[in-house]
Amino acid sequence: MNPSETLSEKEIGLGWHPKRVLLVLLIFSIVMMFAAFTSGYIVRRDEGNWREFDLPASLLINSIIIALSSASMQWAFLSARKDEIVRAKTGLIIALVLGLFFLVGQYFSFGDLVAGNTYFGGADANPSGSFVYVLMGVHAFHLVTGLVFLAVVLRRVLKYQVHSRAMLSIGNATLYWHFLGGLWLYLYLFLLLNH
Amino acid sequence: MSDMTPKPNLSPGVQTQGGIGSAPVPVIEHGEHSLHDEHEHHDQHWLWKYVFSQDHKQIGKQFLITGILWAIVGGTLSSLFRLQLGWPEGTMEWLKPVLGGWIQAGKLNPEFYLALVTMHGTIMVFFVLTAGLSGTFSNFLIPLQVGARDMASGFMNMLSYWFFFLSSVIMFSSLFIETGPAAAGWTIYPPLSALPQAIPGSGAGMTLWLVSMVFFIVSQLLGGVNYVTTVINLRTRGMSMSKLPLTIWAFFLTAILGILSFPVLFSAALLLVFDRSFGTSFFLSDIYIAGQALSNQGGSPVLFQHLFWFLGHPEVYIVIMPAMGMVSEVLATNARKPIFGYRAMIGSLIGISMLSFVVWAHHMFVTGMNPFLGSVFMFLTLIIAVPSGVKVFNWLATLWRGNIRFTAAMLFAIGFVSLFISGGLTGIILGNATLDIQMHNTYFVVAHFHLVMGSAAFFGLYAGVYHWFPKMFGRMMDEKLGYIHFWLTFAGVYLVFLPMHYVGIAGFPRRYYAWTGFDAFSQFADMNKFISIAAIIAFLGQFIFLFNFFYSIFRGRRATQNPWNSTTLEWTTPVELGHGNWPGEIPAVYRWPYDYSKPGSESDFIPQNVPYSQTKSSNLPYEQELVD
């Protein structure tokens, strides 16, 4: 065969590992779900009969916690890339614990919402308040899947299966964790601006 | 599968393919180790090989068989309500042994009639034409046609089938509960679907419907991300995006539509679940039932329609686009001509995909929307006629002066084009808000979408099954029975749905259990009887296909490696396919998939894996430059 017709070994695609592509596509589907919720929220609000509510201050604290958790995850990722496994381990554990704190914080924020007369269901509820619970609840569900992912990666780190030449799992976990953190910050800002 | 040693037909030189011509076959060397790999897969336990298989071909067949079973259920339900519509005064006592309590005093229960229509729609749209069509062929064809050993994640692919199976079991079980299955229409509009007090079908049946659909959406997402990743990442050497068969382009874009639209249905379903069971009022407001005011305040049922149709409209393209892709492939192969306008075909698929997200409100012209908004959606809707027209003209131009071989698959592909034209033209009528408001609740709409989406997608499905059956099961289906099946179905579809347009224009309302109370519609009694007879004959005609399908799996004529003399990669695999698809190295790709009847070529087709250096006589100047 003539050399000018020879081909590269395989089509390179996007240059990403298939698992990375799978994750990015799943992230897109989660984005669409929240796009549906938040656009439904706006459409519904503009139709009137919308009860204003106060966002509990505890949500700000939760937002700071999730941001710190994301920062710690990034630190773990960068450390793993430099083969500093102990730091990667520490970073991951901090990210995991802060993630748990965030979930507990969200649970207490539910209490604050009820205390502020914003209900999920029942005769005193208005869709405005119900939306807040749905947004927080569905986000929390995805955050649990993120925590499971982090735990799996932590187990791999403890077995020394994550290092500068095996970055796929921790890279994907970091991407997903940043996405979930960013998603929460978006939801928080959205609720701040549109309550 | 172990009774035959795989004999890859990859020997150098020219090989007889039987039939019209022979194609040059590329020289591919494969190592000794490959047969050893093959051997290991034969030791699998049958449970892992046939049930919890991670092999894309096995999963594709699982989707196909499940889809066929669902199609029988869906078709049976439609025959039942056609009996009611055709003979509204007739007795149905003879169905009592089957339907039990749903027959009261010899009449079909009106609540059950609504449930029949609802379940027919749900089953056909989601379980047959989404899972059964794109689930089957995306799974089966993507790795084979892009030159991959399997999907990106075999495990997620297996989960995709089993979530679908779970969803199927739940939906099927809802047919047998005392209050009956969901009965609020396949679009499950609240408040009817949200309030168990409203109709019996909004009780446990609706709950099962929603739970089933949640699993269905999970299944679609797991499958969809796999299809897209496989197409992006696992293409073989040389298989650039501009050398992909149109089937793959169609599956690829279908999967993207699914990934972007099914989560929105999930959101809508979740909010509906909260409204039904947790006391929220997203879609409920100011409702009185039996003189009692409900406490729900502030909800908007139109919001549900927006969320639903944001999925619902892309969904109809999820149903039709795989059929379009397969039809393009079948038409080109059997017309022995390159597909006309390959790039325009890709462009129109992309155009349809993008437009499908911005036209959803044309299903909602009668919700009292702002007329200006309506005209925006009308404008966007009518634009879809442009890419659809491009596709139709390209299919017709592909057939034009082709050396047509009327295989059963080809007949169904041509039938698809016919139905897509007939049904598409009425789409232009219904896309106009003013006309739609007039026709919306008549049989005109029913006739329109059954032609353009229902029947056309079914024809695509049949074309695909007849065409790729040899690759799936290593045997051929019977052509004669295929012809009988085609003509019964083709005539049946038109005899059912053409009269429906007519009664629809006359104002005959859809969703009505009985129309005998209205003098205006009594004159259509004969027409309704005619439609019912045609529908039942067409339904019975499908059993010819079923016999042919299952008989041929076990007793059909043995297939050759490339029975249709086709160019795409799946026909370079051995007849008996193992896990991993190619026993040796995966073939590389050098040319586009439509080199049929190329001037100067000895054979009338040149497979994608034949380098230009082996086809000097037929190379175009720019192709010759690649080898010089």
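Reader: How are H6(B) and H7(B) oriented to each other?

Author: In this predicted model, the axes of helix H6 (residues 154–173) of chain B and helix H7 (residues 204–233) of chain B come within 8 Å and cross at roughly 160°. Angles over 145 degrees count as roughly antiparallel. H6(B) and H7(B) are therefore roughly antiparallel to each other.

Reader: In which crossing does H6(B) pass H7(B), left-handed or right-handed?

Author: The angle between the axes of the two helices is roughly 160°. The crossing in which H6(B) passes H7(B) is left-handed.

Reader: How many nonpolar, polar and charged residues are in the contact of H6(B) with H7(B)?

Author: On the side of H6(B), the contact includes Phe163(B), Phe164(B) and Ile170(B). On the side of H7(B), it includes Phe215(B), Phe216(B) and Leu222(B). By class, the residues of this contact are 14 nonpolar, eight polar and no charged.

Reader: How do H5(B) and H9(B) lie to each other, and which residues of H9(B) make the contact?

Author: The axes of helix H5 (residues 110–146) of chain B and H9(B) come within 10 Å and cross at roughly 40°. That angle makes H5(B) oblique to H9(B), and the crossing is left-handed. From H5(B), the residues in contact include Leu129(B), Leu133(B) and Phe137(B). Those of H9(B) are Glu315(B), Ile318(B), Val319(B), Pro322(B), Ala323(B) and Met326(B).

Reader: Which helix gives the most to the side of chain B that touches chain A?

Author: The contact takes 44 residues from chain B and 37 residues from chain A. H7, helix H8 (246–277), helix H9 (301–335) and helix H19 (621–627) of chain B each supply at least two residues of the side that touches chain A. By class, that side has 25 nonpolar, 17 polar and two charged residues. With eight residues, the helix that gives the most is H8(B).

Reader: How far apart are the end C-alpha atoms of helix H5 of chain A?

Author: Helix H5 of chain A has 27 residues, residues 168–194. At 1.5 Å a residue, these should span 39 Å. The distance between the end C-alpha atoms agrees with this, at 38 Å.

Reader: Against which helices do the buried residues of H5(A) pack?

Author: The buried residues of H5(A) include Ile170(A), Tyr176(A), Trp177(A), Leu180(A) and Trp184(A). Their partners in chain A are helix H1 (18–46), helix H2 (58–81), helix H3 (85–115) and helix H4 (127–158).

Conventions: Residues are numbered from 1 along each chain as its sequence is written. Chains are lettered from A and ligands numbered from 1 in the order in which they are written. This is a predicted model: local features need pLDDT of at least 70, side-chain atom pairs count only at pLDDT 80 or more; totals for chains, interfaces and linings use all residues. Helices (H or I, at least four residues) and strands (E, at least two) are DSSP runs, numbered from the N terminus. The expected span of a helix is 1.5 Å times one less than its number of residues. A residue is buried if 20 or more other C-beta atoms lie within 10 Å of its own, exposed if 12 or fewer, and partly exposed in between; C-beta atoms are placed from the backbone. Two residues are in contact if their C-beta atoms, placed from the backbone, lie within 7 Å. Axes are lines fitted to C-alpha atoms, for helices over the stretch in contact, and angles run from 0 to 180 degrees between N-to-C directions. Angles under 35 degrees count as roughly parallel, over 145 as roughly antiparallel, 65 to 115 as roughly perpendicular and the rest as oblique. A crossing is left-handed if the near helix is turned anticlockwise from the far one by less than a right angle, and right-handed if clockwise. Ala, Val, Leu, Ile, Met, Phe, Trp, Tyr, Cys and Pro count as nonpolar, Asp, Glu, Lys and Arg as charged, and the others, Gly among them, as polar.
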